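Q: Let's read a fold step by step, from elements to sheet to packing. Please show the sequence and structure.

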Amino acid sequence: MRIDGLFGAMKPGRVLDVPAGGAVQSRALSQMGYRVVSVDLFTASNREPSAAWICADANQVLPIRDATFDYVLSREGIEHLEDQMGFLRSCARVLRPGGKIVLTTPNLMHLSARASEFLTGQRNLRRGLMNEVQTPRSRNPARIYHGHAFMLDYYRARYMLRLAGFDRLEVYTDRFSPTSVAMSPMVPLLWLAMKFSAAASARTSRLRPDHRPPRDDVTREIIGHVLSSALLYGKRMIIVAERVAS
């Protein structure tokens with residue numbers, strides 16, 4: 001599902017777009033009736049002069065008051081950030097209770113990305129090997145703009161979102177990988193491996209009282225998301241989550 005489709009199904013309100021990049025999404029949301037504040041490490045050269053724009057490093061505490069926004073849009077940004085946990089806590093802080101975050105990042109969970117990760121440590125074989133020479137996109141030591149140095153999969157994204165105070169996670173994508181679709185015969189093997197892992201963890205928790213037993217509802221949610229068409233075949237992972245009341 002496209003970002004404009006997600007926001008088209010929600011009630012317009014105040015949106016923090018971070019990082020805003022070239023302000024493409026900020027302009028689209030404004031045209032849909034949302035009141036948008038854009039945050040980025042750099043100022044967009046083509047932004048509207050009247051648009052609300054804040055230059056800030058998303059690795060630092062966002063210079064925004066608590067409980068100010070109804071939505072946060074973070075599109076293709078978190079994989080560039082060193083302090084992902086701090087960023088998500090900042091997103092939770094500026095959201096009103098019941099507000100939503102829409103987080104998008106390249107999907108490491110689709111089938112061909114898993115194969116590439118196994119072989120090279122990268123989600124795409126054509127990206128080469130991540131390194132300190134090619135991966136940074138700027139050389140300013142005060143404001144380093146990293147490339148895709150801090151990629152995260154669904155498991156880590158979900159874990160951090162829950163720790164930051166988010167719940168009711170939903171997963172989507174907006175475009176599919178033909179190679180991953182062709183690898184569909186692998187899906188039953190993935191299902192068996194996940195079921196085995198969950199069962200083995202449950203057995204360990206029964207034998208060791210210091211281990212918490214898994215919760216069936218959590219396990220079902222994770223398996224349902226990981227084996228959804230969005231994560232098995234989608235090139236982009238889109239997560240929508242709700243800020244729970246304190």
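Q: How many helices and strands are in the chain?
A: Helices (H or I, at least four residues) and strands (E, at least two) are DSSP runs, numbered from the N terminus. The chain has 9 helices and 7 strands. This is a predicted model: local features need pLDDT of at least 70, side-chain atom pairs count only at pLDDT 80 or more, and totals for chains, interfaces and linings use all residues. Residues are numbered from 1 along each chain as its sequence is written, and side-chain values use heavy atoms, with hydrogens and water left out.

Q: In what order do the strands form the sheet?
A: Strands of a sheet pair through backbone hydrogen bonds, either parallel or antiparallel. Two strands pair if DSSP finds at least two bridges between them. Here 7 strands form an open sheet, ordered S3-S2-S1-S4-S5-S7-S6, with mixed pairing.

Q: Which strands stand at the edges?
A: S3 (52-55) and S6 (166-172) do. Each has a single partner strand, so one side of each lacks a neighbour in the sheet.

Q: Which sense does the pairing of S1 and S4 take, parallel or antiparallel?
A: Parallel, over 3 bridges, between S1 (residues 14-17) and S4 (residues 69-75). Val15 has Tyr71 in S4 as its bridge partner.

Q: Which strands does helix H3 touch?
A: Contact means heavy atoms within 4.5 Å. Axes are lines fitted to C-alpha atoms, for helices over the stretch in contact; angles run from 0 to 180 degrees between N-to-C directions. H3 (residues 84-94) packs on the sheet, touching S1, S4, S5 (95-106), S6 and S7 (236-243). The direction of H3 makes about 145° with that of S5. Helix H5 (residues 154-164) lies across S5, S6 and S7, at about 150° to S6.
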